[in-house]
Amino acid sequence: MKYPVMTINEAKIRQNSRTVAGLCRKHGIDVWGVTKGLSGDPRLASLYREAGFKGAADSRLRNLEKLREAGVPMLRQLMRIAMPSELEELIHTADVSLQSELSTIKALDKLCAAKGKNHDVLLMVDMGDLREGFWQTELPRAAEELRGLVGGVRLKGVATNYACASGVLPSRENMENLVRSRDRFAEMLGVELPVVSVGGTCCLKSIEDGFVPGDVNQLRLCEGVLLGTDTAGGREIPYLEHDAVTITAEIVECRHKPSVPVGETGFQAFGEKPVFINRGMRKRALLAIGRQDVNMDRITPIRRDVHIVTASSDHLIVDVTEADSTRSPDEGYKPGDTISFRPLYPAMLACATSEYVEVRFE
Ligand SMILES: *Cc1c(COP(=O)(O)O)cnc(C)c1O
């Protein structure tokens, strides 16, 4: 076995996906499984597909291209506003994309027409989180311009994000406004716009609480299914598994050392000045994983009696005094043993993109 490893428990991901799909189905909502948390891993998309998700969505074309190349038979949605320089790849790789720039949509439309292809677009509307999307007051002018499309781009609906840039949560009011934006666009354009899409995990709470308008029919979701958490809503989702994704690193040194450094201290390698509390001699385990692989503020030891002390580029130091005291003397932690952690979303992303961390499905 190679370490560090990020282990993906397929049974738990499958179970979470099915639970979410079931909840959403009851409310007439299709789920699009977001794959960016694991860098567009086709194995994740396949689990989503088995659970009945409608499509796979990602922020990066490179990730969607992995799904296409792996032949995962699912619709693919690009969620990040397309770069004007990637439109050729976009129509090749994705079936649908979220868009908010009129010049990009027009260029995409022309390109599609020239190639005899179609591409579906959901118009992003900013409901207050202040990242991408049309602002309410712009809708009439946008509709005016979009009426000139030549038929390569097929407008399918509207979409919005919650809690991405500013932490704005979904509410009955802002979701009703989103539906109203769809209605206004549809009326001004004289077309049907069947899709109303929302994201991400923080929307689950609104669905549970039953205040999502009936016209909202698409949810884009990642964090909840993978980690069972809702960072924006500040909760562990009670009906989902929380340890489907774990990070495991190997111990390379174990020593009893003082808890306060010896000598005058300046700044450590990352420009920080750590604060130390004297707890006497402690048993410290040095793990072969570091800040280059994972952000230590974003992982939690699975054992509650293991405590993170600090980390440098290539090492994570944990205090195992308490954990060791619960074992017999010759059973203590030693080099070659491993310690596992639960990641928060940013740590999972970091591990998924680190070439030093193996991602293993089991
Ligand atoms: C990442 C992302 C999501 C999924 O968000 P989670 O909170 O991780 O479920 C949805 N929509 C967009 C546009 C995203 O970028």
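Analyst: Domain bounds here come from an automatic or database domain assignment. This is a predicted model, in which local features need pLDDT of at least 70 and side-chain atom pairs count only at pLDDT 80 or more, while totals for chains, interfaces and linings use all residues. Residues are numbered from 1 along each chain as its sequence is written, and side-chain values use heavy atoms, with hydrogens and water left out.

The assignment gives domain 1 (9-236) and domain 2 (245-361), and the centres of domain 1 and domain 2, taken over C-alpha atoms, are separated by 38 Å. Where the domains touch, 15 residues of domain 1 are in contact (heavy atoms within 4.5 Å) with eleven residues of domain 2. Between them, domain 1 and domain 2 bury about 1200 Å², and 64% of this is on carbon and sulfur atoms; buried area is the accessible area (1.4 Å probe) that two parts lose on being put together, summed over both. On the side of domain 1, Leu38, Arg43 and Leu227 supply 39% of the area buried against domain 2, more than any other three residues. The count of salt bridges between domain 1 and domain 2 is one, a salt bridge being a side-chain nitrogen of Lys or Arg within 4 Å of a carboxyl oxygen of Asp or Glu. The side chains of glutamate 236 and arginine 342 meet in a salt bridge, at 3.5 Å from N to O.

The largest pocket belongs to this picture too, because domain 1 (9-236) and domain 2 (245-361) both give residues to its lining, so the pocket lies between them. A pocket is found on a 1 Å grid over the protein atoms alone, as an open set of points where a 1.4 Å probe fits, with protein on both sides within 12 Å along at least five of seven lines, and lining residues have an atom within 4 Å of a point. Grid points are joined across faces, edges and corners, and a volume is the space filled by probe spheres set on the points. H11 gives the most, with five residues. By class, the lining of the largest pocket divides into 21 nonpolar, nine polar and 14 charged residues; here Ala, Val, Leu, Ile, Met, Phe, Trp, Tyr, Cys and Pro count as nonpolar, Asp, Glu, Lys and Arg as charged, and the others, Gly among them, as polar.

The second largest pocket holds about 400 Å³ of space. It is lined by 23 residues, of which Pro261, Phe276, Arg284, Thr310 and Ile317 lie nearest its centre. Strand S12 (245-258), strand S13 (281-287) and strand S15 (307-311) are the elements giving two or more residues to that lining, and S12 supplies the largest share, four residues. The lining of the second largest pocket has twelve nonpolar, seven polar and four charged residues.
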